[in-house]
Amino acid sequence: MSDRIVILDFGSQYTQLIGRRIRDMQVYCELLPWHANKEEALDGHTKGIILSGGPQSIYAEGAPYIQDYVLDSGLPILGICYGMQALTYKLGGKVLQSTEHEYGLTELDVPAANPLLPQGKQIVWMSHGDHVTELPPGFSCLATSPNSPFAAMMDEPSKRFGLQFHPEVHHTQHGEEILRNFVLRICNCQPGWTPGSIIEESVKAIQLQVGNGRVLSALSGGVDSAVTTSLVQKAIGDHVTAVFINTGLMRQGEPEQIEQVFRPILGDHLIMVDASERYFAKLAGVTDPEEKRKIIGESFIREFEAAVAGLEEHEFLAQGTIYPDVIESKGIGVSEAHRIKSHHNVGGLPKDLKFKLIEPLRSLFKDEVRAVGKALGLPPELVWRQPFPGPGLAVRVLGEVTPERIEIVRHADAIFNEELEKADLMHMHIDKDGKISGSSQAFAVLLPVRSVGVMGDQRTYSEAIALRAITSIDFMTADWARLPYDLLARVSNRIVNEVPGVNRVVYDISSKPPATVEWE
Ligand code: XMP
């Protein structure tokens, strides 16, 4: 079992980011709510504790606080923002309550060499109201900023540190180095959380849980279910049966790719169901987005049940639940807006199916899932697939869903994707100056709007395609991608020329909020 860092969450929107930064160092970390009990937080492998930021004042009624076991553990502690204030308060220092918020970039001055912060002036990201005005006994000041006399503090013998700013946020100049200093030097964690070790531990855990039993797995065409199935297959061979329901609402080449990747390893244990006609029949005449989602969600469950009837000896079901789902269900790093979205999330199986669940990706972030998929030998196009909604292309065809309209959007989408791939813009990239390029998700939407056009000498009166491309870290907020005009021109030209039934292409320049990523 690897060394681990525990992050106690005090409610900051950046808590997940701290976790991702630490996992990037190949060190295992877990995010727990601030009120987690001692047994959860201290398991013998914990080498240090990070106290996250949070939106409250420590003086607010019912405000989160540091439990005694955290200090009694004797482990190194790093308090970030609210975490620093809570630590100060708990240890007898003073925190000034303030209604004024310091938000944004500021210059930090670190006058002397120390174990945590690089010496000298540097830019950091601040977001706080309250601040420390008197250090707790035994602490010294490590850094100042124009608005914070104690922007960082340390009690070296007990390895306790506090930062008023956020090292996990990309804009903090030496943020990564600061976190590395804490995790690798001060806590002395040994990096060992690699795709290879994750696979090894996961295979052992699946074998232990399943024994000689049999497992069903639902392949959706996406990354998570593919990696889950592949891991389970590696662990228990032909004791897994995978089911893929072709809804007719998939992206171009998706069902074929599933067949190509999984038939050779699963043979007869891959069940491919072509349910497209049944889906189109149920969707005929339906234009309301919520109604579409409901029909598709329910149909999936019915199709899955029919496909596995007769496979009663399969008592386990493999699910592609990933770490962000797990921590969000504990209320960590969840905004109100996100709760609203996941509420109408469809495309999965209900919780009350009579299966025992196995969830091998439960502790992995998305980028770790991809790294594991790559190490398992899955093809890059599958491993790097962008997110795709459960209801598929049906929510990207506004108005009625017909086979013809789905084909139009699928074709336009494939062209957009092909051109982005050629231009190497299918993934979001942040350079060292913080400039963002590429896209986190990009797709085509068919609009139920006819407009007049002219092709050759002919007047046309056809529908329009909207191109949507966004950049986002967590998909809770998103900005529209600043794609190059030349690329947009090429895509527009190709769509109008190659996709019958489309005579106009527009580019969606809305951010989320107020818009959502999908149009329905
Ligand atoms: P919205 O449109 O809510 O989308 O801004 C945020 C992210 O979630 C994806 N999405 C879904 N994923 N089932 C899913 O598995 C769904 O029903 C669903 N609806 C939206 C969307 O593609 C984007 O990545």
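User: Which residues of α1 are buried?
Analyst: This is a predicted model in which local features need pLDDT of at least 70, side-chain atom pairs count only at pLDDT 80 or more, and totals for chains, interfaces and linings use all residues. Residues are numbered from 1 along each chain as its sequence is written, and side-chain values use heavy atoms, with hydrogens and water left out. Buried means under 20% relative accessible area, exposed over 50% and partly exposed in between, with a 1.4 Å probe and protein chains only; helices (H or I, at least four residues) and strands (E, at least two) are DSSP runs, numbered from the N terminus. The buried residues of α1 are T15, Q16, L17, I18, G19, I22 and R23.

User: How many of the residues of helix α1 are buried?
Analyst: Helix α1 covers residues 15-24 and is mostly covered. Just after α1, Q26 has a positive phi of about 65°. Within the helix, the buried count is 7 of 10 residues.

User: Which residue forms a salt bridge with R20?
Analyst: A salt bridge is a side-chain nitrogen of Lys or Arg within 4 Å of a carboxyl oxygen of Asp or Glu. For R20, the closest N and O atoms of the pair are 3.6 Å apart. The pair links distant parts of the chain, helix α1 and helix α13, 347 residues apart. The partner of R20 is D367.

User: Is E368 buried or exposed?
Analyst: E368 is found in helix α13, residues 366-375. Not counting residues up to four places away in sequence, E368 touches R23, W193 and S363, where contact means heavy atoms within 4.5 Å. Because its relative accessibility is 9%, E368 counts as buried.

User: What is the relative accessibility of R214?
Analyst: R214 lies in strand β12, residues 214-219. Leaving aside neighbours within four places in sequence, the contacts of R214 include D238, H269 and E313. R214 counts as partly exposed, with a relative accessibility of 27%.

User: Where is Q386 placed, and what is its relative accessible area?
Analyst: Q386 is in the loop between α14 (380-383) and α15 (403-422). Leaving out residues up to four places away in sequence, Q386 touches R251, M426, S439, S440, Q441 and A442. Q386 is buried, with a relative accessible area of 9%.

User: What separates K422 and E419 along helix α15?
Analyst: The side chains of K422 and E419 meet in a salt bridge at 3.4 Å, N to O. K422 counts as exposed at 61% relative accessibility, whereas E419 is buried at 4%. An α-helix has 3.6 residues a turn, so residues three or four places apart point the same way. Because K422 and E419 are 3 residues apart in helix α15, their separation is about one helical turn.

User: Which residues are linked with K422 in a network of salt bridges?
Analyst: A search of the whole structure finds 27 salt bridges. The network that holds K422 also links E418, E419, R490, R494 and E498.

User: Which strand holds the partner of K121, and which residue is that partner?
Analyst: The salt bridge of K121 spans 3.6 Å, N to O. It links distant parts of the chain, with K121 in strand β7 (residues 120-128) and its partner in strand β6 (residues 102-110), 12 residues apart. K121 counts as exposed at 55% relative accessibility. The strand is β6 and the partner is D109.
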